[in-house]
Amino acid sequence: MPQDLLPYLYLSAVLFAIGLFGVFTRRNAIGVLMSLELLLNAVNLNLVAFSRWSDQGVALERFGGTALAAGGQIFAIMVITVAAAEAAVGLAIVIGIYRTFKHITVDDLDLLRW
Amino acid sequence: MAVEHISQAYGWLVPLIPALPLAAAVLGLIFGGLGLGRRTAVLTVGAMAASTFIAWVLVFLPVLLNWLAGGSPEGGFHWSRSWDFFAAGGPGEFVRIGVMVDHLTAAMLAMVTLLVLLIEIYALGYMASDEYFSRFHAEVSLFAAGMLGLVVSNNYLTLLVSWEIMGLCSYLLIGFWYFKDSARKAAKKAFLVTRVGDMGMLLGIILAYSFSGSFGFDRIFLWARTAPALPVVLIALGLFCGSIGKSAQFPLHVWLPDAMEGPTPVSALIHAATMVSAGVYLVARSYPLFYGLNGHLEASLSLGGLQLTLAPLTVVAWVGGFTALFAATIAVFQSDIKKVLAYSTISQLGYMFLGLGVGGYSAACFHLLTHAFFKALLFLGSGSVIHAVEHAMHHEHVAEDPQNMYNMGGLAKKMPGTYWTFLIGTLALAGIFPFSGFFSKDEIVLETLFGAHANPVLGLMALVAAFLTAFYMARLMFLTFYGQPRHPSVWEHTTDSPAVMVTPLKIIAVFAALLGLPALPSLLGALGIGSGHSLFEGFLNLGALAPYGVLATEATPANLWLAGLATLLALGGIALGWYLYGTAPGQVVRRLSWRIPLTRAVMTAPKRLYGMNELLYAVFVKPTFAVMGVCAAIDRWVIDLTVNLVGALTVGLSSVSRWLDQHVVDGAVNAAGATAMGGGELGKFLQNGKVQTYAMLAVAGFLAVMVLRLVVMGGA
């Protein structure tokens, strides 16, 4: 594993952990959505980092020369697009929740409880 | 028609004789129930006529003519055929049943079929206005089937079945008018009293089967030739028990007078033609068992030092002789016309057993045949009288007993047809020459006094009974047909019965008058004319006894002195009857005699039937009740207790089982359920409905899988 890749992976892992923590602990639905963005971006960072690293010719051999050189970066852009859509849908749900319950505190949304 | 030819066809002809009336009885009941009513009589009378035709033209007359022509071999005509009935006794062994024809059977068949046919025709008139006409004819037909089956049987099995069919029919017919309480009681009495005798008969038959291995007459009689005396004697005595019951001998005679509750044709049927003669026939048929090889069969046995000698024929003779005298004394005091004839029947059956008992085989069978005719004639004649008087009383609104002779009188002028035939029957019964009863009764008295096993005491009893017979018949005649009518208005309206009733009377009267004539050569022999042998004697002895090696006794030569004495006694009895009941001074004497204490005491006993009903009640009914009481106690305190104990045990065991079921089996099931529910109760807390919890659990699960992978598969 090359030394110059590791810092990106550490950063990505930290970001992912922070996002995960946020998703688990935020009581506000908007906060949960925001933490979700952190998760996605941690993944994006990973994708870009591995893409850049694999351009150095190592990965090409491993995948039989079939992968595009900038595949990871393109995939990151895909993720950003989907994240935008996801944010839109998520916010629409949050608005729906608000209209129904007059609050968006996730802790109190336990309709599916036993 | 030669016997040899006809015997080829007997195999199916002879069973037809009882089968036809049986079929007619069944069909008659069915069609009667379907509403054909009196038209069923065509069936029953037709079947009986067919049986009569077979019995006379195809059985009796060929056998008789063959014998008269001297064509019979030494043993007479004897034909028998058996069929396998059911497997019993061992591998390949069968109980066989079958039919037979010999001289005795042929004579009986001729008598029974003709009388039953005439009685059925008579009943067409007598029962014409009865509501249950078709039932009556069907039951009479069944009765005839029973009697004919008995006569043609060649084994004790079908004989017993036929015997019991007659027992059943006597019950049905005596209780025919079942709405009368007295008829119901008489029917039950007849059935139960004969049952007492049948018990002994059944034991005798079972003994015979267990010793000889067969029910067939042939094999049993052949076995008896070489068998030890004791079992043979016991079998004979057992069979005779059945005869005592069926033929109403002392002490089981009490059912017969009560049986007069049935319609009068039934009385003629039961008391003359069929049932009572079945008892005599049984002894006559089983004679080889009674008689031994050449003389009275005896068996000695010692019971605790007491020596007993059993001689069945001696028993038969004494029972018969005693009954003949005993019943005659009762008949003298009866006021019911049918009761007089009933006791007369008992008395005459006693004569027959007396004849059999002293070795007068042919004499007894002869009397059986003649008596059947003249007693059927008398019963049907009395029925005709009752029928006429009842109608007249009904017309005149006189509420008196139409059967009581003291309500009649002077009927001779009003009912000439009935009167003349009745007179013939009376003369035959009283034993006046040349009517049939004179010959047959004379032969019995002759055998009793001078036969091979003569006994003067029994002979004296027979003579006294003969005197009494003439007396009570004269009494009956004078009270019923002569003298002044006691109810003139009823007498005025009495008319003779219709031709359908009187014609059978006339036919029977011819037989009652002439049937004795075959015995005339015996009397002529005493005068020194001819061979001196009664035709009956040869005919009956030959057929029934010779095939079994029994030495038929030569009938005792007729004795003119005895015949004269018997005639004098009969005339004396009639004269006494005339004096007491036909003349004015006689009636004064009769009434006065009741005022003399001594004569009244002597006459009260027979008037009260010697207390036989009470005695039998004390001997049979009371002990039966006592035994039943003990049985009831055993039933209650032993059997019921056991049953209850078993029940209680079952309940106890069940409650244990229930406890186990509730607490162990159900407990296990409930525990499984409770575990599932409890698990659910605990697990439900995972479902708190919060998305974050679910997400956390998903990640935790993912992490756990990853950790597991690292642990199991190692790094990288």
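How many Å should helix 21 (residues 499-514) of chain B span at 1.5 Å a residue, and how far apart are its end C-alpha atoms? The 16 residues of this helix should span 22 Å, and the end C-alpha atoms are 22 Å apart, which agrees. The legends below describe close-up views of a predicted model.

**Figure 1. Helix 21 of chain B and the helices that pack against its buried residues.** The buried residues of helix 21 of chain B are Met501(B), Val502(B), Pro504(B), Leu505(B), Ile508(B), Ala509(B), Phe511(B), Ala512(B) and Ala513(B). They pack against four helices of chain B, namely helix 3 (103-126), helix 15 (361-396), helix 17 (416-430) and helix 18 (436-450).

**Figure 2. Ala512(B) in the largest nonpolar core.** This core has 217 residues, and Ala512(B), together with Ala376(B) and Leu377(B), touches the most other members. Helix 15 of chain B contributes the most to the core, with 21 residues. Ala512(B) is also among the buried residues of helix 21 of chain B. Which residues does Ala512(B) contact, leaving aside its neighbours within four places in sequence? The contacts of Ala512(B) are Phe373(B), Phe374(B), Leu377(B), Ile424(B), Gly425(B), Ala428(B), Phe435(B) and Ser436(B).

**Figure 3. Helix 24 (residues 560-582) of chain B.** With 23 residues at 1.5 Å a residue, this helix should span 33 Å; the end C-alpha atoms are 31 Å apart, which agrees. Its buried residues are Ala563(B), Ala566(B), Leu569(B), Ala570(B), Gly573(B), Ile574(B), Gly577(B), Leu580(B) and Tyr581(B).

Figure 4. An α-helix has 3.6 residues a turn, so residues three or four places apart point the same way.

**Figure 5. Chain A and the contact between chains A and B.** Chain A has four helices and zero strands, in the order α-α-α-α from the N terminus on. Of the 114 residues in chain A, 11% are buried. Among contacts in chain A with a separation of 6 or more, 59% are between residues 24 or more positions apart. The contact between the chains takes ten residues from chain A and ten residues from chain B. On the side of chain A that touches chain B, seven residues are nonpolar, none is polar and three are charged.

Figure 6. Most residues other than glycine have a negative phi, and most peptide bonds are trans. Lys102(A) has a positive phi of about 65° although it is not a glycine, and lies in the segment after helix 4 (71-101) of chain A. Is Lys102(A) buried or exposed? Lys102(A) is exposed, because 7 other C-beta atoms lie within 10 Å, and the limit for exposed is 12 or fewer. Ala248(B), also not a glycine, has a positive phi of about 55°. This residue lies in the loop between helix 8 and helix 9 of chain B. Ala248(B) counts as buried because it has 31 C-beta neighbours inside 10 Å. Pro251(B) is found in the loop between helix 8 (229-246) and helix 9 (255-258) of chain B. A cis peptide bond, with omega about 5°, joins Phe250(B) and Pro251(B).

**Figure 7. Tyr178(B) in the loop between helix 5 (156-174) and helix 6 (181-212) of chain B.** Tyr178(B) is exposed, with 12 other C-beta atoms within 10 Å. Not counting residues up to four places away in sequence, Tyr178(B) touches Ala183(B) and Arg184(B). Tyr178(B) and Leu571(B) are 393 residues apart in sequence, and their C-alpha atoms are 42 Å apart in space.

**Figure 8. Confidence of the model along chain B.** The mean pLDDT of chain B is 81, and 91% of its residues reach 70 or more. Within chain B, confidence is lowest in helix 23 (residues 535-544), at a mean of 67, and highest in helix 28, at 90. The model scores ipTM 0.82 and pTM 0.72.

Note on methods. Residues numbered from 1 in each chain as written. Chains lettered and ligands numbered in written order. Predicted model: local features only at pLDDT ≥ 70, side-chain atom pairs only at ≥ 80, totals over all residues. Contact = placed C-beta atoms within 7 Å. Nonpolar A, V, L, I, M, F, W, Y, C, P; charged D, E, K, R; others polar. Helix = DSSP H or I, 4+ residues; strand = E, 2+ residues; numbered from the N terminus. Expected span 1.5 Å × (residues − 1). Buried ≥ 20, exposed ≤ 12 C-beta atoms within 10 Å, placed from the backbone. pLDDT = per-residue confidence, 0-100. Core = buried A, V, L, I, M, F, W, Y, C linked by C-beta atoms within 7 Å.
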